[in-house]
Amino acid sequence: MTRGYAAMAPGSSMEPFIFSRREVGPHDVLIQIRYCGICHSDLHQVRDEWDESVFPLVPGHEIVGTVTQVGSEVNAFHVGDSAGVGCFVDSCRTCHSCRSGLEQYCEVHCVYTYNSTEKDGRTRTYGGYSDRIVVNEQYVLRMPDQLSPERAAPLLCAGITTYSPLRHWGVGHGHKLGVVGLGGLGHMAIKFGATFGAEVTVFSHSEHKRADAIRLGAAHFAGTSNPKTFKELERRFDFIIDTVSAEHGYGRYLELLKTDGTMILVGAPDRPAPLGAFPLIMRRRRLVGSLIGGIRETQEMLDFCAKHDVASDVEVIPIQHVDQAYERMLKGDVRYRFVIDLNSLQ
Ligand code: NAP
Ligand code: ZN
Ligand code: ZN
């Protein structure tokens with residue numbers, strides 16, 4: 001018997017929910033969940049903003065806990081180990097993407113941690129707003145001892161989602177990087193961008209986040225409600241990473257890129273934005289997207305964070321406060337990730 005919190009219908013408040021998980025198979029690990037981060041994707045799906053939610057829905061894909069049981073064939077984990085689970089818990093393992101360590105782009109069936117089905121296409125998956133989870137060992141991350149579990153939980157989504165594209169595009173020394181939106185993903189993009197050696201500018205519609213942006217590692221803060229910002233910073237950036245959760249135009253940010261500059265979309269608003277051709281064609285700019293990261297790269301990111309002392313800035317809450325946390329997240333009132341302490345689920 002697993003205890004958790006679920007949304008029972010689109011947009012309904014979160015409530016206690018009891019369900020069962022599969023028995024621990026030979027290759028499975030049972031994890032007692034200690035902390036789970038709250039991602040804006042949880043909110044999009046609880047409110048069915050992406051039109052693909054199935055209820056009851058137990059969100060949560062930034063999971064850190066302790067291994068309490070291992071299957072007979074498991075070698076990589078032992079009882080008592082600290083373990084992490086991110087946005088997916090299985091994939092086909094044979095397609096080109098899976099064989100390249102890009103399981104998130106599995107061409108057959110990526111099994112997301114919640115609001116998804118297992119490979120049988122029927123069994124529902126339920127996420128980390130719960131006390132335990134059973135996961136195949138190959139999809140479990142090893143949490144380095146140096147990282148505190150509550151500050152490491154958001155690395156499993158917000159961390160890898162920003163680390164992966166910055167690495168893929170080789171962002172580093174000598175580059176000017178713009179980070180649009182200072183929330184969960186945005187604050188990790190600042191930390192990674194600065195640690196990789198880039199000069200980071202934060203674009204935010206929240207003037208009161210200016211001091212935090214600098215404290216987190218940005219060199220500059222640009223208020224997006226001020227139209228002068230977009231004139232003054234034209235053609236300034238090599239890269240821009242856009243983490244905004246709400247619909248907005250991309251064109252005015254593209255104009256801030258140099259020739260051959262790259263804008264990376266990771267924010268996933270529910271509605272499309274119009275896009276003119278000219279900001280792209282006039283300077284051979286690129287507009288690209290990126291989805292989380294594969295298991296191998298997620299482990300690399302965790303080890304990088306342990307080595308370079310990178311972690312999320314968190315506000316730890318009991319699970320009974322999830323609805324209020326969602327409301328505050330919608331207002332941009334979060335510094336900079338809510339993390340649920342699952343001890344509160346008694
Ligand atoms: P978050 O913590 O709520 O941060 C989003 C930020 O966007 C806010 O802090 C705010 O920053 C800005 N923003 C929000 N509403 C806005 C508005 N109306 N106009 C302008 N700016 C606004 O969310 P998150 O957890 O970082 O997630 C961000 C987005 O990424 C979500 O859409 C989420 O689903 C998506 N996501 C994608 C992936 C992926 O793999 N691609 C993975 C995880 C999440 P300022 O106050 O600084 O303006
Ligand atoms: Zn997420
Ligand atoms: Zn695959």
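A polar side-chain atom of His-44 sits 2.8 Å from an oxygen atom of ligand 1. That is a polar contact, a pair of N or O atoms within 3.5 Å; within protein, one atom must be able to donate a hydrogen and the other to accept it, and residues adjacent in sequence count only if both atoms are side-chain atoms. The backbone contributes too. A backbone N or O atom of Leu-182 lies 2.7 Å from an oxygen atom of ligand 1. For Leu-185, a backbone N or O atom lies 2.8 Å from an oxygen atom of the ligand. Taken alone, ligand 1 exposes 920 Å², and the protein buries 89% of that. Such areas come from the Shrake-Rupley method with a 1.4 Å probe; for residues, only the protein chains shown count as cover.

This is a predicted model: local features need pLDDT of at least 70, side-chain atom pairs count only at pLDDT 80 or more, and totals for chains, interfaces and linings use all residues. Residues are numbered from 1 along each chain as its sequence is written, chains are lettered from A and ligands numbered from 1 in the order in which they are written, and side-chain values use heavy atoms, with hydrogens and water left out.

Now the shell. Ligand 1 is surrounded by 28 residues, each with a heavy atom within 4 Å of it. The closest are His-40, Ser-204, His-205, Ser-206 and Arg-337. By class, the shell has 12 nonpolar, 14 polar and two charged residues. Here Ala, Val, Leu, Ile, Met, Phe, Trp, Tyr, Cys and Pro count as nonpolar, Asp, Glu, Lys and Arg as charged, and the others, Gly among them, as polar. Helix 1 (40–46) and helix 5 (184–195) each supply at least two shell residues. Helix 1 gives the most, with three. Helices (H or I, at least four residues) and strands (E, at least two) are DSSP runs, numbered from the N terminus.

Turn to strand 11 (residues 199–204), which holds Thr-201. Thr-201 counts as buried because its relative accessibility is 5%; buried means under 20% relative accessible area, exposed over 50%, partly exposed in between (1.4 Å probe, protein chains only). Leaving out residues up to four places away in sequence, Thr-201 touches Leu-177, Gly-178, Val-179, His-220, Ala-222 and Phe-237. Contact means heavy atoms within 4.5 Å.

Last, the rings. The structure holds 13 aromatic pairs. Phe-88 and Tyr-139 form one, edge-to-face, at 6.1 Å centre to centre and 80° between the planes. Rings of Phe, Tyr and Trp (its six-membered ring) pair if their centres lie within 6.5 Å; planes under 30 degrees apart count as stacked, over 60 as edge-to-face and the rest as tilted. Both Phe-88 and Tyr-139 are buried. Ring pairs also link Tyr-163, Phe-192, Phe-196 and Phe-304 into a cluster.
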